[in-house]
Amino acid sequence: MKTAEIAQRFLDFFEKKNHTIVPSASLVTDDPALLFTVAGMVPFIPYLSGVVPPPYPRAADVQKCIRTNDIEEVGKTPRHGTFFQMLGNWSFGDYFKEDAIRFAWELLTAPESEGGLAFDPKDLWVTVYEEDDEARDLWLELSSLPDERIQRLGKDTNYWSTGLPGPAGPCSEIFFDRGPEYGIDGGPATDDDRYVEIWNLVFMQYEITNVRSKYDFDIVGELPAKNIDTGMGLERIAFIKQGVDNMYETDQVRPVLDLAAKLAGKAYGQESHDDDVRLRIVADHVRSSLMLLADGVTPSNEGRGYILRRIMRRAIRSMRLLGVDGPTFPELFAASRDAMKESYPEVEADYARLSAYAIAEEQTFLRTLAAGSAILDQSVVEAKNGGGTTLSGSEAFLLHDTYGFPIDLTLEIAEEAGLSVDRGAFDQLMLEQRTRAKADARARKGTIADQSAYREFRAHGETVFTGYTEMQTESRVLGILIQGVGTDRAAEGQIAEVILAETALYAESGGQVADKGVIVGPGYELEVLDVQRPVPGLVSHTVEVTTGEVSVGAPATTVVDALNRHAAQQAHTATHLVHAAIRDTLGKTATQTGSLNRSGYMRFDFSWGSALSPETRTEIEDIANNAVRDNLEVTTRVMSLDEAKAAGAMALFGEKYGDTVRMVDIGGPWSRELCGGTHVSRSAEVGLVNLVGEQSVGASNRRVEALVGLDAFRDLAAERAIVSQLSSSLKTPREQLPTRIAELAASLKAAEKKIAAFEAQALAGRLPQLVESAVAVGTVRVVAQSLGEGASADDVRSLALQVRDRLGSDPAVVALASTTGGRATVVVVTNDAARERGLAAGALAKAAAGVLGGGGGGRPDVAQGGGTDAAALPQALEGIVSDVRTTIA
């Protein structure tokens with residue numbers, strides 16, 4: 001039974017049980033405490049917690065999930081995947097334990113001809129919370145399970161909570177027995193791979209508080225509305241129904257695994273356990289990357305983009321360990337597309353964009369691996385020349401952290417060279433990095449207000465936004481929060497969150513920053529600092545009380561800063577114009593990946609693999625400004641999402657849309673996008689679009705920046721003033737300035753070359769004196785001198801090499817230094833005889849640089865270091881002499 005068929009059977013079954021079928025939410029979640037949708041329940045948290053009234057009493061879905069906390073287990077166990085799909089059925093105060101258990105048993109054991117999954121009851125086991133007699137009795141009543149196959153377990157396995165105050169409750173898990181060839185008897189309590197958990201039924205029935213840990217808390221009482229939250233692993237059901245050993249061999253994953261094996265010349269399951277693990281990693285990570293790209297995530301060095309980059313690079317690394325050094329993503333991603341398109345047609349429809357990111361990321365990382373290999377090779381040579389047998393953990397960590405060079409490749413290359421790596425030190429540095437990251441995550445989570453604080457306000461309904469048509473709206477204060485805690489009033493000087501029934505102030509979203517303005521009422525005035533949507537449908541105003549005191553229930557009037565709003569509208573409308581101009585110039589694959597609009601400024605990110613030429617930038621700017629000149633009408637229409645898509649409206653990647661959307665047209669279909677922002681009424685109101693910058697923001701991702709309206713004019717006026725000043729100073733007409741400046745630059749460069757030649761000649765004149773300054777340290781001749789101010793590093797190196805050559809074949813060390821702008825540079829060179837005595841230039845330069853407050857190193861024959869403490873240069877040179885003496889002693 002194919003994976004897609006299993007998912008459809010699940011949805012069909014629950015649709016017949018009067019469940020609303022809900023499409024999968026994006027892998028990118030709105031929850032600020034999470035980077036991704038890590039579980040099936042994440043999209044339903046507002047309903048399960050009671051913060052937002054549920055739009056339906058019962059629902060079912062197939063939810064896409066990404067989880068990387070156990071990424072190191074991927075490929076090693078039969079069930080761990082970074083991307084997985086959760087089948088879920090949900091009840092929001094509707095049915096409870098009895099129906100949840102009945103539905104689960106019926107679907108699992110009903111014949112395939114009746115829409116079921118046809119599991120044999122003798123292969124199924126169930127666990128319940130040890131104190132949940134009700135669930136145990138219901139299983140005995142509603143299923144054919146004998147008592148011995150219903151096991152009671154403790155809170156650590158069969159009690160669900162978030163680890164925060166709020167809803168919690170016992171759960172019941174369903175397991176499939178794979179048979180004695182997979183492990184010992186004893187049921188799920190043995191915690192063995194033989195018994196695979198396939199479905200978890202969570203009974204949310206209690207309110208908890210005083211949470212001391214995930215399993216240590218106080219139960220306040222029963223929830224007013226009890227909920228059902230279930231999750232069945234689609235991949236787990238698939239590998240059982242398809243008769244394979246693990247999720248990597250199912251129909252949506254196996255094609256990538258087989259292709260990776262073919263490309264590597266490996267026979268999966270027949271040769272090497274390590275190779276099999278690597279093939280499974282490739283299969284999982286390519287699929288995960290494809291699905292993340294499809295939901296608008298792009299590779300980068302932070303946040304979600306960093307996780308995607310890490311997953312993609314683990315796949316590339318695994319292919320390299322399998323013996324494939326060249327690019328493989330063009331073939332592997334196409335195979336994953338074909339395996340996933342039945343369930344997710346968007347991966348095929350948008351494949352040109354997705355594959356462009358994947359291929360560019362692979363090309364970048366292959367270059368990184370080449371560069372890292374060169375650095376590692378140098379470290380290996382230095383270690384061996386210095387008589388060492390081990391690469392330091394700090395070097396391995398630097399390669400991993402700074403250059404993205406995987407530790408297992410470092411281990412492999414070092415082993416081939418006969419060296420080991422100080423893995424203990426590396427692991428300690430990695431642990432320290434993870435500890436810092438976890439602390440940052442905890443700190444970020446700690447700054448998020450408990451969403452339950454907004455529950456009673458959201459219960460009044462959605463906040464009405466009137467700002468599309470009004471700049472001032474009368475309302476009343478529904479609630480006040482100070483530091484996340486509800487209060488009945490806020491006094492002058494305090495910072496608070498104010499919840500209103502209606503507002504004219506725009507809450508930050510869709511790339512447009514929040515409005516500025518004030519909220520006024522009888523005896524008080526509030527300066528608006530920020531406007532956000534902490535939970536869907538609710539607007540919160542962060543304010544400073546500038547006059548008087550505001551209290552719950554008081555009348556309130558929101559007043560928008562009209563000038564700031566108009567400038568923001570100009571910028572947001574300009575973003576649409578630039579987007580249309582880019583697509584007109586570059587083609588339909590150049591789609592928006594991000595934006596920022598604020599008063600007088602817009603930033604627009606789009607998918608594209610190379611820098612824009614000056615001519616292309618000018619063309620984009622001209623098209624946008626021609627649209628301004630043409631004074632195109634800007635209209636908005638509210639309609640269903642399907643209607644908007646049928647009309648050709650662009651739905652932007654990473655954005656989430658409800659059933660009803662707002663479509664913004666500029667000049668009819670010339671620009672047609674789904675957008676909740678505010679806009680001018682005609683394009684001429686934008687005034688002017690001035691592109692001021694273009695740059696890369698990641699592989700296959702570019703960014704343009706523009707000033708808009710009066711800010712654009714002011715910038716051009718400033719440039720005009722600069723041009724006028726240059727024209728006057730150089731006594732050159734404006735149109736001849738580029739030629740005149742190029743001539744001056746060429747003259748300056750020629751003069752600098754002459755000066756450098758004179759300085760080099762002067763330094764060369766010091767060669768005899770430097771050779772004469774050599775002192776004997778044992779049998780080694782040492783020159784350690786400062787050349788004073790101004791000599792470049794290249795000149796110092798050239799002179800040091802000449803001095804070394806003049807000293808002959810006896811052991812010699814030359815250390816010359818110079819200072820420039822308060823910074824000291826030291827160059828150390830050694831000859832063959834000195835290196836035979838154990839004197840390596842890299843080690844000597846590194847030690848000297850440490851005295852100077854900097855760093856350094858290099859090859860055993862030539863090395864360089866430096867630092868900002870130029871005053872310590874005499875001590876650094878004396879230290880080199882001392883190190884020579886110590887080494888040869």
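Trainee: What makes Arg629 exposed, partly exposed or buried?

Mentor: Arg629 has a relative accessible area of 59%. Buried means under 20% relative accessible area, exposed over 50%, and partly exposed in between, with a 1.4 Å probe and protein chains only. Therefore Arg629 is called exposed. Please note that this is a predicted model, in which local features need pLDDT of at least 70 and side-chain atom pairs count only at pLDDT 80 or more, while totals for chains, interfaces and linings use all residues. Residues are numbered from 1 along each chain as its sequence is written, and side-chain values use heavy atoms, with hydrogens and water left out.

Trainee: Why is the meeting of the side chains of Asp630 and Arg629 called a salt bridge?

Mentor: A salt bridge is a side-chain nitrogen of Lys or Arg within 4 Å of a carboxyl oxygen of Asp or Glu. For Asp630 and Arg629 the N to O value is 3.0 Å, so the pair meets the rule. Asp630, at 43% relative accessibility, counts as partly exposed.

Trainee: How many salt bridges does this rule give?

Mentor: The count comes to 48 salt bridges. Among them is the pair Glu72 and Arg310, at 3.6 Å from N to O. This pair links distant parts of the chain, 238 residues apart: Glu72 lies in the loop between β2 (58-66) and β3 (83-92), and Arg310 in helix α9. Helices (H or I, at least four residues) and strands (E, at least two) are DSSP runs, numbered from the N terminus.

Trainee: Where do Arg423 and Asp427 lie?

Mentor: Both lie in helix α15 (residues 423-446), four residues apart, about one turn of the helix. An α-helix has 3.6 residues a turn, so residues three or four places apart point the same way. The closest N and O atoms of Arg423 and Asp427 are 2.9 Å apart, and the two residues form a salt bridge.

Trainee: Which residues touch the most other members of the largest nonpolar core?

Mentor: Trp139, Ile198 and Trp199 do so, in a core of 113 residues. The largest share of this core, eleven residues, comes from α8. A nonpolar core is a set of buried Ala, Val, Leu, Ile, Met, Phe, Trp, Tyr and Cys residues joined through side-chain atoms within 4.5 Å.

Trainee: Which residues of helix α7 (residues 254-264) are buried?

Mentor: They are Val256, Leu257, Leu259, Ala260, Ala261 and Ala264. Just after α7, Gly265 takes a positive phi of about 70 degrees.
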